Amino acid sequence: MFTVAALYRFTPLPDPHALRGPLLDLCLANGVTGTLLLAPEGINGTIAGPSDGIAAVLAHLRALPGCADLEPKYAQAEVAPFGRMRVRVKREIVTMGQPDVDPLAGVGRYVAPGDWNAVVRDPQTVVIDTRNAYEVAIGSFEGAVDPQTEAFGDFPAWWAANADRLRGKRVAMFCTGGIRCEKSTAYLRGQGVEDVVHLQGGILKYLEEVPAADSLWQGACFVFDDRVSVGHGLEPGGHVLCHACRRPLEPCDTERPEYEAGVQCHHCVDQFDASDRARFRERMKQIALARDRGERHLR
């Protein structure tokens, strides 16, 4: 079994480039794979590996300024959910494109997973899913508003277009693991919204802690690794990924005539041109050759 740890922390990191090399070396030395993003505003990512390897990496991260109380969200996977380890330095750890938004200056009030159902059921509260449209398509909370955004950076424009009709209501927000809500609630506070809350630990924490019999979650939750989606108890949700457009698919979608593994699905059949598809087919060919070489080596 592999331990999967999803984590983020907003904390000032004045020189993230200096942190990259030692962090990558430590991950590689401990058999840890996944992606970690470093930026002046903090760290974000998901990693997987043996339990002792994950513990070593987390100990290293907790030694960074402001990260002592880092609380990852854990899951288990029978197959390694990542093929390699990447540590990247970015401008933001979650891209909103609003440089004046600072979660460290104040965010919405946290609501524990056990108290979230009351928020969802409150008629004076508007519940907003801050995730992208393709994530919302496979699952969300009962009655939640879907902004139909293609990227998180689209949210400010959506809010500007809808703020008047939502005025006077309490705003409750949620996302996969909590990081997008840190910025979106900070953004709303900067826009003058005083009564704003968000789901502590995100959907993943809710699915981990709230029994399915009591849950208001409908469908599956998209995750950014080879599990593709998870359900209650963080069990794999059964979706597969189109490696061309990165959208989640139901297993039955792979039987549709538009589907070609690694090349296209019914969502993106008109999205790419012939040269793109040729490149995707070559990529799949190289993956198959590498897999075949690995299997022959094991034999």
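Q: In which strand is Q76 found?
A: This is a predicted model, in which local features need pLDDT of at least 70 and side-chain atom pairs count only at pLDDT 80 or more, while totals for chains, interfaces and linings use all residues. Residues are numbered from 1 along each chain as its sequence is written, and side-chain values use heavy atoms, with hydrogens and water left out. Helices (H or I, at least four residues) and strands (E, at least two) are DSSP runs numbered from the N terminus, and on that numbering Q76 belongs to strand 4.

Q: Is Q76 buried, partly exposed or exposed?
A: The classes rest on relative accessible area, with buried meaning under 20%, exposed over 50% and partly exposed in between (1.4 Å probe, protein chains only). Because Q76 has 42% relative accessibility, the class of this residue is partly exposed.

Q: Which residues is Q76 in contact with, leaving aside its neighbours within four places in sequence?
A: Contact means heavy atoms within 4.5 Å. The C-alpha atoms of Q76 and A5 are separated by 8.8 Å, although the two residues are 71 residues apart along the chain. With the neighbours within four places set aside, the contacts of Q76 are M1, F2 and T3.

Q: In what order do the five strands of the open sheet stand?
A: Two strands pair if DSSP finds at least two bridges between them, and the pairing in this open sheet is mixed, with the order 4-1-3-2-5. Strand 4 (73-77) and strand 5 (85-89) each have a single partner strand, so one side of each is left without a neighbour, and the places where they stand are the edges.

Q: How many bridges join strand 1 to strand 4?
A: Strand 1 (residues 2-10) and strand 4 run antiparallel. Within this pair, A6 has K73 as its bridge partner, and A5 stands opposite Y74. The number of bridges joining the two strands is five.

Q: At about what angle does helix 1 run to strand 5?
A: Axes are lines fitted to C-alpha atoms, for helices over the stretch in contact, and angles run from 0 to 180 degrees between N-to-C directions. Helix 1 (residues 16-29) lies across strand 2 (33-39), strand 3 (42-49) and strand 5, and the angle to strand 5 is about 175 degrees.

Q: About how much space lies in the largest cavity?
A: On a 1 Å grid over the protein atoms alone, a cavity is a set of points where a 1.4 Å probe fits but cannot get out, and lining residues have an atom within 4 Å of a point. Grid points are joined across faces, edges and corners, and a volume is the space filled by probe spheres set on the points. The count comes to one cavity of 30 Å³ or more, and its lining includes V4, A6, K73, Y74 and A75. The space in this cavity is about 60 Å³.

Q: Which strand supplies the largest share of the lining of the largest cavity?
A: Strand 1 and strand 4 each supply at least two residues of this lining. The largest share is three residues, and the strand that gives them is strand 4.

Q: Where is T11 placed?
A: T11 is buried, with a relative accessible area of 5%, and among its contacts beyond four places in sequence are P40, E41, P65 and L104. Its place is in the loop between strand 1 and helix 1.

Q: How many disulfides does a search of the whole structure find?
A: A disulfide is a pair of cysteine sulfur atoms within 2.5 Å. C175 is in no disulfide, with the nearest cysteine sulfur, that of C181, 3.5 Å away, and the sulfur of C242 is 3.7 Å from the closest one, in C245, which is too far for a bond. Both C175 and C242 are buried, and the number of disulfides found in the whole structure is zero.

Definitions and conventions:
On a 1 Å grid over the protein atoms alone, a cavity is a set of points where a 1.4 Å probe fits but cannot get out, and a pocket is an open set with protein on both sides within 12 Å along at least five of seven lines; lining residues have an atom within 4 Å of a point.
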